Amino acid sequence: MTAVRRPLPALLAGVVVVGVALSAWGAQDRTTWFLETVWVLVGLPLVVLTRRRFPLTDLLCCLLAAHALVLVIGGHYTYAEVPFGNWLRDELGLERNPYDRFGHLMQGFVPAVLVRELLSRTSPLRGSRWLAPLTVCACLAFSAVFEMLEWLAAVLGGQAADAFLATQGDVWDTQWDMFCALVGATVSVLLLSRPHDRQLAARALTSSYSGAGSTAAAGTSTPGTTRPRR
């Protein structure tokens, strides 16, 4: 089977690699940078290594790249000190830098499409009414696990983990983070399910045609020729 060349995923991977390199250069806190970008450092090679056996839809690739850039920006400045967030805080008269809230909205919005794609392609849930609620539940569960990791970082690192936690003095920060992820996942499912289904169907159709073409080429002979008998 001949692999279909898709320039978009390769372009997005290049953008993410450049973003990671730039964020590492002059990062405000090296430990925080690593903790915030480790998902990108692990996820990008995984996507690249599985691109032939399990190619992702273009929609998901774009969302993963956008999420990666959000993470590396937060890792470079720390979430509480991202300049755009500080500007937005001052312009809107907010009590805190809102970039952390935006990051957790993305933590629900993007993984919702990832979970949806995995479930649609590897389980009987495609087309099921349970797909949407289970996708949202999975994203909320992931957000809760992430908050537990932050709790572990706080216990082990003490005040040194403050930049990673980015609580900014909010005692309800953990609850807000999970709520933002829940909202992000719900909005993602509501807005992107139909275009995502179209891309999943197109990917399945392309795969079936490629397989059929390869089988036909292997199983038919050129007119006017005779197969040798064995």
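Analyst: Start with one term. Two residues are in contact when heavy atoms of theirs lie within 4.5 Å. This is a predicted model, so treat each value below as computed from it.

User: Which residues does Val 20 touch, leaving out those up to four places away in sequence?

Analyst: Val 20 has Trp 33, Val 40, Leu 41 and Val 72 as contacts, once residues up to four places away in sequence are left out.

User: Let me step back to the whole chain. How many helices and strands does the protein chain have?

Analyst: The protein chain has eight helices and zero strands. Read from the N terminus, the order is α-α-α-α-α-α-α-α.

User: What share of the protein chain counts as buried?

Analyst: Buried residues make up 36% of the 230 in the protein chain. Take contacts between residues at least 6 apart in sequence: 75% of them join residues at least 24 apart.

User: How do I read a nonpolar core?

Analyst: The general idea first. In soluble globular proteins, nonpolar side chains tend to be buried together. Now this case. The largest nonpolar core has 24 residues, and those touching the most other members are Val 16, Val 20, Val 40 and Leu 63. Two or more residues each come from helix H1 (7-24), helix H2 (30-49), helix H3 (58-77) and helix H5 (99-122). H3 gives the largest share, nine residues. Another core lies apart from this one; its six residues include Val 136, Cys 139, Ala 185 and Val 189.

User: How do I read a pair of packed helices?

Analyst: Two values do the work: packed helices are described by the angle between their axes and the distance between the axes. The crossing of H1 past H2 is left-handed.

User: Which residues of H1 and H2 meet?

Analyst: H1 brings Ala 13, Val 16, Val 17, Val 20, Ser 23 and Ala 24, while H2 brings Arg 30, Trp 33, Val 40, Leu 41 and Leu 44. Sorted by class, the contact of H1 with H2 holds nine nonpolar, one polar and one charged residues.

User: At what angle do H3 and H5 pack?

Analyst: The angle is about 150 degrees, and the axes are 10 Å apart. H3 and H5 are therefore roughly antiparallel to each other too. H3 also passes H5 in a left-handed crossing. Residues making this contact include Leu 60, Leu 63 and Leu 69 of H3, with Tyr 99, Phe 102 and Met 106 among those of H5. By class, the contact of H3 with H5 counts 15 nonpolar, four polar and one charged residues.

User: Is Leu 69 buried, exposed or partly exposed?

Analyst: Buried means under 20% relative accessible area, and exposed means over 50%. Leu 69, in helix H3, has 30% relative accessibility, so Leu 69 counts as partly exposed. Leu 69 touches Val 15, Gly 19 and Tyr 99, not counting residues up to four places away in sequence.

User: Where does Thr 78 lie?

Analyst: Thr 78 sits in the loop between H3 and helix H4 (83-92). Phi of Thr 78 is near 75 degrees, a positive value in a residue other than glycine. Relative accessibility of Thr 78 is 5%, so Thr 78 counts as buried.

Terms used: Residues numbered from 1 in each chain as written. Predicted model: local features only at pLDDT ≥ 70, side-chain atom pairs only at ≥ 80, totals over all residues. Heavy atoms only, no water. Core = buried A, V, L, I, M, F, W, Y, C linked by side-chain atoms within 4.5 Å. Buried < 20%, exposed > 50% of the residue type's maximum accessible area, 1.4 Å probe, protein only. Helix = DSSP H or I, 4+ residues; strand = E, 2+ residues; numbered from the N terminus. Left-handed = near helix turned anticlockwise from the far one by under 90°. Nonpolar A, V, L, I, M, F, W, Y, C, P; charged D, E, K, R; others polar. Axes fitted to C-alpha atoms, helices over the stretch in contact; angles between N-to-C directions. Parallel < 35°, antiparallel > 145°, perpendicular 65-115°, else oblique.
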